[in-house]
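Student: I have a structure to work through. Can we take it piece by piece?

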Amino acid sequence: MKFGFFDDARKEYVIQSPKTPYPWINYLGTQDFFSLISNTAGGYSFYKDARLRRITRYRYNNVPVDMGGRYFYLYDNGDFWSPGWSPVKRDLEAYECRHGMGYTVIKGKRGGISTEITFFVPQNYAGEVQKVVVKNESGEKKSVKLFSFLEWCLWEAYDDMTNFQRNFNTGEVELEGSTIYHKTEYKERRDHYAFYTVNAPISGFDTDRESFMGLYNGFENPQAVAAGKSNNSVADGWSPIASHCIDITLAPGESKELVFILGYVENKEEEKWESKGVINKTKAHEMIKRFSTAKQVDEALAELADYWNKLLSVYNVNTPEEKLNRMVNIWNQYQCMVTFNLSRSASYFESGIGRGMGFRDSNQDLLGFVHQIPERAKERLLDLAATQLENGGAYHQYQPLTKKGNDAVGGNFNDDPLWLILACAAYIKETGDIDVLNTMVPYENDDSKAQPLLDHMKRAFYHVVNKRGPHNLPLIGRADWNDCLNLNCFSKTPGESFQTTTSKDGQVAESILIAGMFCYIGPEYVAMCEKMGKLEEARKAQGHIEDMKKAILESGYDGEWFLRAYDDFGRKLGSKENEEGKIFIEPQGFCVMAGIGAEDGKDIKTLDSVKKYLDSKYGLVLNNPAFTRYFIEYGEISTYPAGYKENASIFCHNNAWIICAEAFVGRGDRAFEYYSKIAPAYTEEYSDIHRTEPYVYAQTIAGKDAKRHGEAKNSWLTGTAAWNFVAVSQYILGIKPAYDGLEINPGIPHEWSGFKATRQFRGATYEIEVSNPNKVSKGIRQLTVDGKEINGNILPVFSDGKTHAVKVVMG
């Protein structure tokens, strides 16, 4: 069943019931300040780092779910309720939530009073703005009270939820007019504070949670709201909050607009104080002044809309598939940008306290947003390269505040370096900025170790070449792309981390996935060397790629598909010889995309095996048969119940590799079939089964061995977003940046008569019209640009600021 609908014209998903199968969320913010908000106003905010600069509290894994947020309560002559239904959960006469591009609007109505709240983070602003409109839709005069509420986190999110012997004694606030300032720890080592304000006089306030809530009450029944009166409490230790009370009297049909601001301020050490014990509020006053009126808020919303319209205009399509259009034109690109901003650090599944930004993750994310903001892609690329180790390896994560590698997680995930090459290639192809390879970039953030970026590419390439095992295939290290395939761990201790424990010397277990990736990504390093005039190095590198292809065909092919790995005993994994886990999805896609086995049909046989063994109603499962017992030699993958996460779930990230592979070999029908099984817009009709948002990709969907087949988990922050955008935009629709121009090579369903696309590329706009008169899936018969036929399928680079008409005839 459906719980809402897509409003494509407004680029919104409209939720019509607050009781969605799981909280359906949106992200606010594009730069430094971020908020997560659910369809009932749950969620939290932070500045740059979800752990180290957490501004508001949130209770993960709570009963009921989604507790903590920016809540409003309407008190109407003894009756009180929340516009977003939660947390009070009183029946509403009307409810609607509109999640848009960087903003969310929640509307609720009860007792003739309607309340509409618009939440967003303006551009170049360290705060969340909330525009509240209260309207009297009854036929009589109404006097109501509006209570705001949020709970301050004591900055370090992990410490906040564990170190109670300290935290219950540190809470401090300051008040000035209608503004509540949170200044816990400001008098000592912190240079930042937060504030919550409203642009109207208040009749009361609370800053102490117990005073507002009552010790034995919950969010649904705060004693101050139930009494219709604030306590004017001032937090002194314990749990500081921010709540305003505003008296509102409305004639029939009259409305009142209010602007609330949740802001973050940093001061220099010498500018921290206005006077003894009184914080310097100069920056806060400036922030408050910027949005003191509803008109200013509306102007900022228009600016935000222009920002997103510009980003989404770079690549736009019109195909016979409405759902594909909305994914490509709006939601997939939007998710790619959110994922770029946050990597895997903060969602309703990633708590924001356990990790930084992933090295592998961020490199792959770049593939999905480089066309929109290439200058920020370059910055991210250089940041990632600067954390690289001198041996070509990488820290698995880095912290966004420091941009330094995360020692707690370490490295030795042997696929990591290859993703840096792929990300760099994507940036160069998009921009033509080959000179970026001359940029001096440190190793391990040590400027004394700086070398040209091309040297980083070389060390990443040879990190694979120099780490090979008994079959001349790459050693897997701690793990490859699949973090749960831990062939050197051999863990027997409960609670021990599979990702940080190594019990073997790591000189035996090999990865066919890394081998396939090497053959797919390695040619990008070769091309870079050629572009930089290093022809001998290019020739040498190509020789290593050919050598790897030979090793794959000799030791990595199982007769009908590619093996997954060799374990520490030198035994095959992902083979028909195995008891369980006979076939894995990951190496099939990369080996086929690398052209391995194309000359004798092994690629087609492989993809047919994927269809035969891995396909299901809701997508392709990661492995089959699922593991039903713990294999100590395989690690975490075999700890999950059958059909979940890495153990035979539908891992949407690697489904994209098969979509790419099918389009690559010319089977557009199969590629589109797989695409439509996992693309969120296609799941909307069975949202009660899928459960997570029908507008963004999830990481996993329960596989065919699971009791809850079709149920998704871990939505939003996943490499699925970038890779599925690559799959549909570059492989199915076939509009792909190349070093020397824009490549056109569609792999579409044969029944399509064609499609249109607009692609901005290197300073020009290409209006592309593809016609398919012979109903083929692949192949170009004719290609013209501005009426002139060109040879091949690479559109020239114009960089002239003009629009060029491209006609493509398939056949």
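Student: Where is Trp238 found?

Tutor: Keep in mind that this model is predicted. Look past helix H4, residues 223–227. Strand S18 covers 240–250. Trp238 is found in the loop between H4 and S18.

Student: Which residues form a nonpolar patch on the surface with Trp238?

Tutor: The patch has about 310 Å² of accessible area, counting its residues together. Trp238 is one of them.

Student: How do helix H6 and helix H7 pack, roughly parallel or roughly perpendicular?

Tutor: H6 spans residues 294–312 and H7 spans residues 322–342. Their axes are 10 Å apart, at an angle of about 105 degrees. Angles of 65 to 115 degrees count as roughly perpendicular. Therefore H6 is to H7 roughly perpendicular.

Student: How many nonpolar residues has the contact of H6 with H7?

Tutor: H6 brings Tyr307, Trp308, Leu311 and Leu312. H7 brings Asn329, Ile330, Gln333, Tyr334 and Met337. By class, 2 are polar and no residues are charged. The nonpolar residues number 7.

Student: What is omega for the peptide bond from Val63 to Pro64?

Tutor: Find Pro64 in the loop between strand S6 (54–56) and strand S7 (71–76). The bond from Val63 to Pro64 is cis. Its omega is near -5 degrees.

Student: Where is Pro625 found?

Tutor: The peptide bond from Asn624 to Pro625 is cis, with omega near -10 degrees. Strand S31 covers 623–624, and strand S32 covers 650–651. Pro625 is in the loop between S31 and S32.

Student: What is phi of Lys48?

Tutor: Lys48 lies in the loop between strand S5 (43–47) and S6. Its phi is positive, in a residue other than glycine. The value is near 65 degrees.

Technical notes
Residues are numbered from 1 along each chain as its sequence is written. This is a predicted model: local features need pLDDT of at least 70, side-chain atom pairs count only at pLDDT 80 or more; totals for chains, interfaces and linings use all residues. Side-chain values use heavy atoms; hydrogens and water are left out. Axes are lines fitted to C-alpha atoms, for helices over the stretch in contact, and angles run from 0 to 180 degrees between N-to-C directions. Helices (H or I, at least four residues) and strands (E, at least two) are DSSP runs, numbered from the N terminus. Angles under 35 degrees count as roughly parallel, over 145 as roughly antiparallel, 65 to 115 as roughly perpendicular and the rest as oblique. Contact means heavy atoms within 4.5 Å. Ala, Val, Leu, Ile, Met, Phe, Trp, Tyr, Cys and Pro count as nonpolar, Asp, Glu, Lys and Arg as charged, and the others, Gly among them, as polar. Patches are made of residues with over 30% relative accessible area and no salt bridge: like charges are joined within 9 Å, nonpolar side chains (Val, Leu, Ile, Met, Phe, Trp, Tyr) within 5 Å. Accessible areas come from the Shrake-Rupley method with a 1.4 Å probe; for residues, only the protein chains shown count as cover. A salt bridge is a side-chain nitrogen of Lys or Arg within 4 Å of a carboxyl oxygen of Asp or Glu.
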